[in-house]
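Subject: Structure handover

Hello,

Here is the structure I promised to pass on. Please open it and keep it in view while you read my notes below.

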Amino acid sequence: RQACPADFHDITGVLEHRPGKQLASSLWCVITHQRAPLALVCSPLSGDHVDVLFGLPEERFSRPGAVAFGNFDGVHLGHRALLRKLRDAARAIDGQSVVITFDPHPLTVLDPPRAPQPIDTLRGRLLHLDEAGVDRVIVLGFDAELRDRSAHWFATEVLCRGGSAGLIVAGYDCRFGRGGDGDIELLRTVAAEHSARVELFRAI
């Protein structure tokens, strides 16, 4: 029996470091060897519920993803509006809605004094995303290695390949990658290289 990755801030609250433990009444967690050192997938026990993957998948998903990325702490009204757009976009491409989120909050690594107090635990965040009707969540541990990845790498490996993006939903002022170098124009360029497109979301 192998231990779950220790670098996820709230991992013990989600998985209790054991395969086969419940995340919620509707979710069971199983260990799969999708990416070194270990990837974890939470599969639905019954009904239509979110699948949660800790770490990037090695292979593309069988259906294209409508992908959004961010911290989604608290899943507030603005988040829920974005998630509605994401679900609509997924239906339009006959795909699935994919949220890519981070734990801990990126600012705890980028600028610790400015890091906000979390509104919710990771477990609570996943439950909120489940309730919002998201099909799949990818949780990435935010550390120095991810911080130092280029914007082009993030858009390519995380969004287009990791999320199997057919469409990416992002704000016009989104920033990503090392030093926040990535912007909406780079996102559009990389998406086009992978036969995907970008839709803008304007915050409410």
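Start with Ile-100. Set aside its neighbours within four places in sequence. Ile-100 is then in contact with Val-67, Ala-68, Phe-69, Gly-70, Phe-72, Ile-138, Leu-140, Val-158, Leu-159 and Gly-163. Please remember that this is a predicted model.

Now the core around that residue. Ile-100 is among the residues with the most contacts inside the largest nonpolar core, which has 29 residues. Which elements supply at least two residues each? Four strands do: E5 (65-69), E6 (96-103), E7 (136-141) and E8 (165-170). Helices H6 (151-162) and H7 (184-193) do as well. H6 gives the largest share, 6 residues. There is also a second, separate core of 24 residues. It includes Val-75, Leu-83, Leu-122 and Ala-132. As background, nonpolar side chains tend to be buried together in soluble globular proteins.

Next, look at how H6 and H7 meet. Their axes come within 10 Å and cross at roughly 50°. The crossing is right-handed. On the H6 side, the residues are Ala-151, His-152, Ala-155, Thr-156, Leu-159 and Cys-160. On the H7 side, they are Leu-186, Leu-187, Val-190, Ala-191 and Glu-193. What kinds of residue make up this contact? There are 8 nonpolar, 2 polar and 1 charged.

Now step back to the whole protein. It has 7 helices and 9 strands. Of its 204 residues, 49% are buried. Take the contacts between residues at least 6 apart in sequence. Of these, 66% join residues at least 24 apart.

Val-109 gives you a case to trace by eye. It is found in helix H3 (residues 107-110). Is Val-109 buried, exposed or partly exposed? Its relative accessible area is 24%. Buried means under 20% and exposed means over 50%, so Val-109 is partly exposed. Leave out residues up to four places away in sequence, and Val-109 touches Phe-142, Asp-143, Ala-144 and Arg-147. Look at Arg-147 in particular. Val-109 and Arg-147 are 38 residues apart in sequence, yet 7.7 Å apart in space, C-alpha to C-alpha.

Some backbone details are worth a look too. A cis peptide bond joins Asp-103 and Pro-104, with omega about 5°. Pro-104 sits in the loop between E6 and H3.

Then come two serines. Ser-164 has a phi near 50°, a positive value in a residue other than glycine. Ser-195 has a positive phi as well, near 55°. Where do they lie? Ser-164 is in the loop between H6 and E8. Ser-195 is in the loop between H7 and strand E9 (197-200). Which is buried and which is exposed? Ser-164 is buried, with a relative accessible area of 1%. Ser-195 counts as exposed, at 70% relative accessibility.

Best wishes

Conventions
Residues numbered from 1 in each chain as written. Predicted model: local features only at pLDDT ≥ 70, side-chain atom pairs only at ≥ 80, totals over all residues. Heavy atoms only, no water. Core = buried A, V, L, I, M, F, W, Y, C linked by side-chain atoms within 4.5 Å. Buried < 20%, exposed > 50% of the residue type's maximum accessible area, 1.4 Å probe, protein only. Contact = heavy atoms within 4.5 Å. Axes fitted to C-alpha atoms, helices over the stretch in contact; angles between N-to-C directions. Left-handed = near helix turned anticlockwise from the far one by under 90°. Nonpolar A, V, L, I, M, F, W, Y, C, P; charged D, E, K, R; others polar.
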